[in-house]
Amino acid sequence: MILAWFSVDCVRANVVIFNIIWVPNKSIGGKSGQFLTPGGAVMIGIGIIGLGTVGTGTYRILTERAALIRQKTGLDLGVVRIAEINPRNVKGKNIDRAILTRDAMELIRDERVNIVVELIGGMKPAGDLIKAALGLKKQVVTANKALLAEKGEELFALAKRTGCDIGFEASVCGGIPVIRAIRDGLVGNRFTYILGILNGTSNYILSRMTDEGISFGEALKNAQKEGYAEKDPTFDVEGIDAAHKLSLLVRLAFSSPVTMKNITVHGISSIDPVDIGFARDLGYKIKLLAIAKRSASGIEARVEPAMLALNHPMSSVNGVFNAVYIAGDRVGPNLFYGRGAGSEPTGSAVVSDIVDMAKKLKSNAVASVPGLVVSGKYREAKSSPVPYYLRVMAKDTPGVLSKISGILANYKISISAVTQQGRKLSGHVPIVMVTHDAPEDGLKKAKRDIDNSAFTKGQSVHIRIEEGNA
Ligand code: HSE
């Protein structure tokens, strides 16, 4: 229960005013204070900017689970302000009008707000609001992966200067506590390999294409009907959202200053159900994979549709679920699986950050080492050789197979399996090959030569085969 709120200038000693003790907090340093109940519980003021899907889930958990959180942590968390400009997002949510504002800056300036929770997404004005909050020495929690991927370094540097922290558990894989696992649970490990299914929308689309044999377009329409895909699905289906998330994981796990321009990104919009069927015949599933590898020559980071063996645990990650497979040198492989989006799963992660911040405020702890600030230069490694799936639409005449294998041999690519499928597609037959480990540039050159030849039709299709082990 919140007994009272009032603002007090920063002083060094605890001040007892009636039954309420104000605790000056060096980690937040400025004018915001904390309040203790007569029973000694610390009251922490939360301000939520944005009452959309994630904001609503966060608000619900904070209010409906207040007693549980108090019981588990001894913390009293009070949502003291909510900033929202869309009346539809407020309607029917039983929110006290007195805490509502349309002005996010008013929330940030409110001295009762100790933790500013940014849940509006996008670059602007989210970035400016976070900067303003840090400038006023408020702790920040955000789910904004796009902003952190582009501006994380700058925001964390500012947080460091102002003695604050930014919690971003909800920015990668929604409800799965993978950020905390890498930062805390696995802190004694070095990592060399990350494999992620980081985007629920594209995983849902691929799952439906796989299960029902439907086209990308049809599966996308279903995803939009179900409310998983946005009207403009570009970020999700073209791999950009997954790349944002991968960049955060690489910074944390590899302590490397990766940026979006270092990540090779391909989406799923050109995946043909025919290749999903052939993949299954060969013992694989196609997934939009986020892959990061660290070797002596540097880091390779990519997001692209790739084939995984059907018996790989990540192949069973279907629908809107996300997963991260990460291997630590001391702990071995870990697999994190769960809901990567949605109101309450993502709200659950936001709440975990709020509790983390509140604990630091309560103990007057200094901000933790800023997670996304990494020194040094990014060293990009050449893509490592992997096996490829290659489908060529070829004339069904004698000698064609040997011509294709001849072109591959020109680039020192050897074939481990080849089948000519009986399914005739527009007058040509699909020749499906699996190569041994091949360099990406050689494979692309061979593909270009094959596509320019007289015995094939249209563009051939190549898909990486990811072994999926550290
Ligand atoms: N749009 C994302 C997804 C969820 O489909 O996984 C938020 O990052």
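**A core residue and its surroundings**

Modeller: Val 178 is in contact with Glu 169, Val 172, Cys 173, Leu 249, Val 324 and Phe 336, leaving aside its neighbours within four places in sequence. Contact means heavy atoms within 4.5 Å. Keep in mind that this is a predicted model, where local features need pLDDT of at least 70, side-chain atom pairs count only at pLDDT 80 or more, and totals for chains, interfaces and linings use all residues. Residues are numbered from 1 along each chain as its sequence is written, and side-chain values use heavy atoms, with hydrogens and water left out.

Val 178 belongs to helix α6 (residues 178-185), whose buried residues are Val 178, Ile 179, Ala 181 and Ile 182. Helices (H or I, at least four residues) and strands (E, at least two) are DSSP runs, numbered from the N terminus. Buried means under 20% relative accessible area, exposed over 50%, and partly exposed in between (1.4 Å probe, protein chains only). The buried residues of α6 pack against β10 (191-197), α10, β14 (321-328) and β15 (332-339).

Now the core itself. The largest nonpolar core has 82 residues, and Val 178, Ile 194, Ile 205, Leu 246, Leu 249 and Ile 326 have the most contacts inside it. Helix α10 (residues 240-254) gives the largest share of this core, nine residues. Apart from it lies another core, of 31 residues, including Ile 61, Val 90, Ala 349 and Val 351. A nonpolar core here is a set of buried Ala, Val, Leu, Ile, Met, Phe, Trp, Tyr and Cys residues joined through side-chain atoms within 4.5 Å. In soluble globular proteins, nonpolar side chains tend to be buried together.

Step back to the whole chain. Its secondary structure comes to 14 helices and 19 strands. Of its 470 residues, 54% are buried. Among contacts between residues at least 6 apart in sequence, 71% join residues at least 24 apart.

Which buried residue carries a charge without a salt bridge? Lys 287 does, and the nearest side chain of opposite charge, Asp 211, is 7.9 Å away. Lys and Arg count as positive and Asp and Glu as negative, while His and the chain ends are not counted. A salt bridge needs a side-chain nitrogen of Lys or Arg within 4 Å of a carboxyl oxygen of Asp or Glu. Lys 287 sits in strand β12 (residues 284-295). Its partner for a polar contact is Asn 203, side chain to side chain, at 3.1 Å. A polar contact is a pair of N or O atoms within 3.5 Å; within protein, one must be able to donate a hydrogen and the other to accept it, and residues adjacent in sequence count only if both atoms are side-chain atoms.

Asn 203 is in helix α7 (residues 200-212). Asn 203 counts as buried because its relative accessibility is 1%. Beyond four places in sequence, Asn 203 is in contact with Ile 197, Lys 287, Val 317, Asn 318, Gly 319 and Phe 321.

Next, the ligand. Lys 145, Asn 199, Gly 200, Thr 201, Asp 236, Asp 241, Lys 245 and Ala 341 surround it, each with a heavy atom within 4 Å. A polar side-chain atom of Lys 145 lies 2.7 Å from a ligand oxygen. A backbone N or O atom of Gly 200 is 2.6 Å from an oxygen atom of the ligand. A side-chain N or O atom of Asp 236 is 2.9 Å from a ligand nitrogen.

Finally, some backbone points. Lys 124 is in the loop between β7 (115-118) and α4 (126-135). Lys 124 is exposed because its relative accessible area is 66%. Its side chain makes a 3.1 Å polar contact with the side chain of Asp 128. The peptide bond from Lys 124 to Pro 125 is cis, with omega near 5°. Lys 137 is not a glycine, yet has a positive phi of about 60°. Lys 137 lies in the loop between α4 and β8 (139-142). Ser 255, also not a glycine, has a positive phi of about 45°. Ser 255 is in the loop between α10 and β11 (264-265). Most residues other than glycine have a negative phi, and most peptide bonds are trans.
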